[in-house]
Amino acid sequence: MNKVVLITGASSGMGELTAKFLHQNGYTVYAGTRDKSLKKPNIPGVNNVYLDVTDVNSITAAVKSIISHHGRLDVLVNNAGYGLLSSAEEVTDDELFKQFDVNVFGLMKMTRAVLPHMREAKNGVIINISSFLGKMGLPLLSHYNASKYAVEGFVDSIRFEMSPYNV
């Protein structure tokens, strides 16, 4: 039985490469993309699903669709994210909020959406793409660094919460 995987931010870059790699290795892959035409990524055999990690309705619909089709979701790869390059004093509120909405809150919302299914199945894997910048700071990346520090803290905590459920 193939493992069913959902990858956020899979229309390009690491997410697209991960989708291709997992598909080539026998996984059933859903590539989450904000491309509503569902043309990206264009990987034969990979299922594209509309998914915007900043939109709870999108998250709910994507997870519900996969669960209804397969009865489970075995692996979530929280890949969606981006780096904001700015000095601490020049960043706008909108830029700051968007950085955290995608990199932190999107990851948390995706995790929250799949945990009940994985807990019930007593099985699951959640892979959160972070950065070495979640452990150290660099100039002009303070907001990105802060978002990755937050991801590290979240992951450290849910690891304990979900351990009894084999997640």
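Of the chain's 167 residues, 44% count as buried (under 20% relative accessible area; exposed is over 50%, partly exposed in between; 1.4 Å probe, protein chains only). This is a predicted model: local features need pLDDT of at least 70, side-chain atom pairs count only at pLDDT 80 or more, and totals for chains, interfaces and linings use all residues. Residues are numbered from 1 along each chain as its sequence is written, and side-chain values use heavy atoms, with hydrogens and water left out.

**Whole chain**

Start with a cartoon view. The chain has four helices and five strands, where helices (H or I, at least four residues) and strands (E, at least two) are DSSP runs numbered from the N terminus. Along the sequence they follow β-α-β-β-α-β-α-β-α. The radius of gyration is 16 Å, close to the 15 Å of the globule rule for 167 residues, so the chain is as compact as a globular protein of that length. That radius is taken over C-alpha atoms, and the rule is 2.2 Å times the number of residues to the power 0.38. The C-alpha trace spans about 50 × 40 × 30 Å along its principal axes.

**The sheet**

Select the strands. They form an open sheet in the order β3-β2-β1-β4-β5, with parallel pairing; two strands pair if DSSP finds at least two bridges between them. Go to the edges: β3 (47-50) and β5 (125-128) each have a single partner strand, so one side of each lacks a neighbour in the sheet. From one strand to the next, the twist averages 20°.

**Strand β2**

Now select residues 28-33, strand β2. Six of its six residues are buried, so β2 is largely enclosed by the rest of the structure. Show side chains. T28, Y30 and G32 point one way, V29, A31 and T33 the other. In a regular strand the side chains alternate between the two faces of the sheet.

Check both neighbours. Four bridges join β2 to β3, running parallel. Here A31 has N48 as its bridge partner, and T33 stands opposite Y50. Four bridges also join β1 to β2, again parallel. I7 stands opposite A31. Trace the chain from β1 through α1 to β2: this β-α-β crossover is right-handed. With the strands pointing away from the viewer, right-handed means that the path from the first strand over the helix to the second runs clockwise.

Key
Axes fitted to C-alpha atoms, helices over the stretch in contact; angles between N-to-C directions.
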